[in-house]
Amino acid sequence: MPGDKGNLQKILESGAFSVSAEIGPPMSADANFVIKKASELKGIIDSANVTDNQTAVVRMSSIAASYLASVNGVEPVVQMTCRDRNRIAIQSDLLGAYALGLRNLLVLSGDHQCFGNHPQSKNVYDVDSIQLLGSLKRMKEEGVFMGGSKCKFPAEFFLGATVNPFADPEELQLIRLRKKIKAGAQFVQTQAIYDVAKFEEWMEKVRSLGLHKQAYIIAGIVVNKSLKSIEMTQLVPGMLVPDALVERMRAAGQGNYDSEGVSIALDLIAQLRKVEGVSGIHIMAIGWESIVPTLVEKSGFLPRPVIE
């Protein structure tokens with residue numbers, strides 16, 4: 001029904017600390033792949049992002065995989081990138097997603113196609129993420145499509161966006177964050193945080209602008225399973241991984257990397273949940289989704305609250 005709120009929105013609006021994770025759809029039509037991941041996360045988290053052809057690699061539709069997760073007990077956050085669709089296709093897909101009962105939406109620009117398995121494909125970017133957020137907010141509030149015509153039964157998503165606290169220039173990232181929230185973002189997920197001290201400095205600026213009161217800020221965590229994983233993460237542009245954490249993983253020694261990766265993630269979660277203005281944690285256990293229940297339990301997040 002119009003105006004229905006999903007579990008994630010209810011959790012955040014109640015003031016409870018949210019816990020979310022990710023489900024990466026398969027590079028196939030294997031529904032059981034999604035069902036299995038959903039079964040591992042059911043009752044453990046408040047919602048799961050279902051990625052949209054992440055790293056520009058062809059995968060099962062985010063909307064289809066989100067529906068599979070939903071009917072198997074995990075509330076999804078549909079992801080929609082601006083890379084692959086024009087405004088007609090985006091609106092059509094999102095009307096369908098809402099009709100299927102999906103209520104959360106994370107809007108992204110999308111990784112450039114040159115990084116994926118179809119580098120010869122053409123990107124679209126008919127609208128950018130800020131324009132899309134604004135259009136979807138207008139659809140909710142005014143019942144109109146992007147072209148101005150009336151929409152009798154609009155999609156009223158709980159709208160989300162992303163931000164990278166460590167990308168340069170910092171001032172531009174704060175401007176874009178403010179624009180995304182003004183355009184309609186109700187929650188904002190950060191890229192992975194390893195340097196909590198630097199993140200706290202960034203959050204001071206977010207709080208000085210009052211942005212943490214205008215949208216829920218959810219801090220991202222990546223769980224590294226190996227020394228190579230964290231070393232590669234350190235090389236990614238826009239990621240800030242302190243050398244001390246890399247050395248900590250190296251000192252653990254081969255055979256202990258996975259347990260040390262969990263220990264690092266637990267330490268980061270414990271620090272981040274104390275940062276003023278942070279409303280939740282988003283766990284990105286890329287290729288290691290089975291570790292999420294352990295992290296959630298050891299962080300003291302269970303049982304999850306039930307908000308009627």
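**A tour of the barrel and its loops**

Begin with the eight strands, which close into a barrel in the order E1-E2-E3-E4-E5-E6-E7-E8 with parallel pairing. Neighbouring strands of this sheet are turned by 30° against each other on average, direction ignored. The model in view is predicted.

Next, select strands E2 (residues 47–50) and E3 (residues 76–81): they run parallel and are joined by three bridges. Within this pair, Asn-49 has Val-77 of E3 as its bridge partner.

Proceed to helix H10 (residues 257–272), which lies across strand E7 (216–222) and strand E8 (278–284) and runs at about 165° to E7.

The loops come next. Most residues other than glycine have a negative phi, and most peptide bonds are trans. Select Asn-53, in the loop between E2 and helix H3 (62–71); its phi is positive, about 50°, although it is not a glycine. Asn-53 counts as buried because its relative accessible area is 17%, under the 20% limit. Then move to Tyr-125, in the loop between E4 and helix H5 (129–142), where phi is also positive, near 50°. Tyr-125 is partly exposed, with a relative accessible area of 31%.

Two peptide bonds deserve a stop. The bond from Asp-168 to Pro-169 is cis, with omega near -10°; Pro-169 sits in the loop between strand E5 (158–163) and helix H6 (170–183). Leu-302 and Pro-303 are likewise joined by a cis bond, with omega about -5°, and Pro-303 lies in the segment after helix H11 (292–298).

Finish on the surface by selecting Tyr-67, Val-71 and Leu-100, a nonpolar patch with about 260 Å² of accessible area together. Leu-100 belongs to the loop between helix H4 (87–99) and strand E4 (104–108) and is partly exposed, at 41% relative accessible area.

Methods:
Residues are numbered from 1 along each chain as its sequence is written. This is a predicted model: local features need pLDDT of at least 70, side-chain atom pairs count only at pLDDT 80 or more; totals for chains, interfaces and linings use all residues. Side-chain values use heavy atoms; hydrogens and water are left out. Patches are made of residues with over 30% relative accessible area and no salt bridge: like charges are joined within 9 Å, nonpolar side chains (Val, Leu, Ile, Met, Phe, Trp, Tyr) within 5 Å. Accessible areas come from the Shrake-Rupley method with a 1.4 Å probe; for residues, only the protein chains shown count as cover. A salt bridge is a side-chain nitrogen of Lys or Arg within 4 Å of a carboxyl oxygen of Asp or Glu. Helices (H or I, at least four residues) and strands (E, at least two) are DSSP runs, numbered from the N terminus. Buried means under 20% relative accessible area, exposed over 50%, partly exposed in between (1.4 Å probe, protein chains only). Two strands pair if DSSP finds at least two bridges between them. Axes are lines fitted to C-alpha atoms, for helices over the stretch in contact, and angles run from 0 to 180 degrees between N-to-C directions. Contact means heavy atoms within 4.5 Å.
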